[in-house]
Amino acid sequence: MKMKFSAILTLVALAGPASADVTISHGYSAFGDLKYGPDFTHFDYANPDAPQGGTMTQRQLYGTPTFNSMNVFIIKGEPAYEIDQHLYDSLMVRAFDEPDALYGLIAETIEYPDDLSYVTFNLRPEARFHDGEPVTAEDVVFTLNTLKSEGHPYYQNLLADVVLVEAESDHRVRIDLAPGAGTAFPGQVAELEVLPAHFYETVAFDDTWMDIPVGSGPYKVDTVDAPRTIKFCKDPDYWANDLAVNVGKNNFACFAYEYFVDDTVGLEAFAAGEYAMRVEYRSASWATGYDFPAAQDGWVKQLLIPDGRPGNAQGIWINMRRPALQDIRVRQAIAYAFNFEWTNETLFYSTYDRSDSFFENTDMQASGLPEGDELAILEAFRDQLPPEIFTEPAFVPYLGGPRPSDRAGMREASRLLDEAGWMAGDDGMRRNADGTVLSLTIPDDSRSLERVIVPFVENLKSLGIDAEFEILDPSANTERRQIYDFDLSFTAWQVNITPGAGLRAFYGSEAAAAEGSNNLSGLADPVVDALIETVTESSSREALVTSVRALDRVLRSKHIWVSGWTLPAHRVAVWDIFGMPDEPAPFDFNRGVDFWWFDDEKYQAMVDAGALEDKF
């Protein structure tokens, strides 16, 4: 459990003598050694000589089409997620060339015993919020206690293993952890945003508002024009500018985001030079939309940037809170109605692979029959699991065929519905023994999904299901999702490289009962809960991989979603005015952009050629 570079710090604790089993270190890794020693100067993927200045302008993050709140920590409202990206510092930050390592930012060092019964952070006295107030241990206490009691259900589930948070001095905070919290958990706590307690003396934490938040990060909110734009500019007095974790990072003077409800309009704005960087989520646009003059002349580049992280858990989630959808045969039938092969070839230009797993693009993905340690984990639950878990390979979804309505798939779907007691009447509609029609609603706020969902809906209708795809405004869709007022919902969840306690928020029983949680399917299963705890308590990377495979195998057997599609890379279009590290960080693209820089020479050449207005 000891880390390679921590030995020199294990003799004396900052608050007194340290017992022999306490590690004190500049960094933390759930498993194994740290790559960077205590005297490292910058991450290998950072360019310490990167130029400073210029504005990075891009479309909104995560495809969110609007915002009406600056509070990103609660379930209410449509927050501007970029606030989380730029405004707040955390106790520690991840190294994106290591799978599970973090290094001190607000925290100079971390202390923990071998049994991980607690973790202590020693804060840097120079840490400051934007208003000049010091970052203290009391701010950490406020942050964790408030997120645990009043925050978004994601935080409440994540922090369930925090027993007590105590400020031992102005710059030392101790967090007592529940037994079995897991080796990954201290890192997950360490990378949470530290909030200013004094800011919330006059601003309600549990409500939406458009006040300018106070953080301690490198950027401050500069201008806001909700719901269209938000701009962040660098704090000239940023306290941590010269720390090793920030060298070569935060090179832009400003970040500006343009919001587009209609993505077609968003692409047109990009082509006209209204913003300079765009992550492309639509394969059709990637294949055919970049034929405008600036792209043809080479001013705009299309980049495919590899992503070493797990693929997003993307799909159409089936809400098992609905009585009709509690029958696994109905859920299986719904999945057969989605024709991936036709969709991929016709709509996606054969770009994607079908997602099989909830941990796609990793060695944590279950495959074949369970064996060895994975089998041993599952054996403990044999009497609670379907026999096929042990006799059949991990479930792989049916791919479909070359026509919109695949005959083989539709026949199997029809058989399953018959078996489940949903029979087709003279009018072709499926009814149960009570005469109730099988109806499904799929609400969403994006018309870009229509071309994918409408053929799926038509297949459902041909099976006799009364299916409807509803286009809502973003606020209404958010509200519907928070109270689980849907049958099917298309969503993509980001998956951690080192899964841990955060899994409870997506698949745990407590999350299933909490309003606004990430557990859209309503999965509440004691075996899944137990397997999540097995993952959380893993003592080595090898044990983690094995336990996640067991969890993945069981989740796939539950048929809680219609799995989507995956691409282990990011499609990024840029006006060619940026510089990038020669060896980009493999484990996070979104934060990796923080290590790009503005290239004045390229920019001026475009301006002189009349290709781009002088406004960045």
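**View 1. The cavities of the model.** The structure holds five cavities of 30 Å³ or more. This is a predicted model, in which local features need pLDDT of at least 70 and side-chain atom pairs count only at pLDDT 80 or more, while totals for chains, interfaces and linings use all residues. Residues are numbered from 1 along each chain as its sequence is written, and side-chain values use heavy atoms, with hydrogens and water left out. A cavity is a set of points, on a 1 Å grid over the protein atoms alone, where a 1.4 Å probe fits but cannot get out; lining residues have an atom within 4 Å of a point.

**View 2. The largest cavity.** The volume of the largest cavity is about 140 Å³, a volume being the space filled by probe spheres set on the points, which are joined across faces, edges and corners. Its lining has 17 residues, and Gln58, Leu61, Met277, Val279 and Asn590 lie nearest the centre. Two or more lining residues come from each of β5 (55-59), α1 (82-86), β14 (254-258) and β15 (277-279); helices (H or I, at least four residues) and strands (E, at least two) are DSSP runs, numbered from the N terminus. Strand β15 gives the largest share, three residues.

**View 3. The second largest pocket.** This pocket has a volume of about 510 Å³; a pocket is an open set of points with protein on both sides within 12 Å along at least five of seven lines. Its lining comprises 29 residues, and Gln332, Phe395, Arg556, Ser557 and His559 are the closest to its centre. At least two lining residues are supplied by each of α8 (328-336), α11 (388-391), α12 (407-419), α18 (541-558) and β24 (561-563).

**View 4. Helix α2 and its surroundings.** Helix α2 (residues 137-150) has 14 residues and spans 20 Å from its first C-alpha to its last, close to the 20 Å expected at 1.5 Å a residue (1.5 Å times one less than the number of residues).

View 5. In α17 (residues 526-536), Val527, Val528, Leu531, Ile532, Val535 and Thr536 are buried. These buried residues pack against α10 (372-379), α15 (503-507) and α18, contact meaning heavy atoms within 4.5 Å. Aspartate 525 caps the N-terminal end of α17, with a side-chain oxygen 2.9 Å from the backbone nitrogen of valine 527.

Technical notes: Buried means under 20% relative accessible area, exposed over 50%, partly exposed in between (1.4 Å probe, protein chains only). A polar contact is a pair of N or O atoms within 3.5 Å; within protein, one must be able to donate a hydrogen and the other to accept it, and residues adjacent in sequence count only if both atoms are side-chain atoms.
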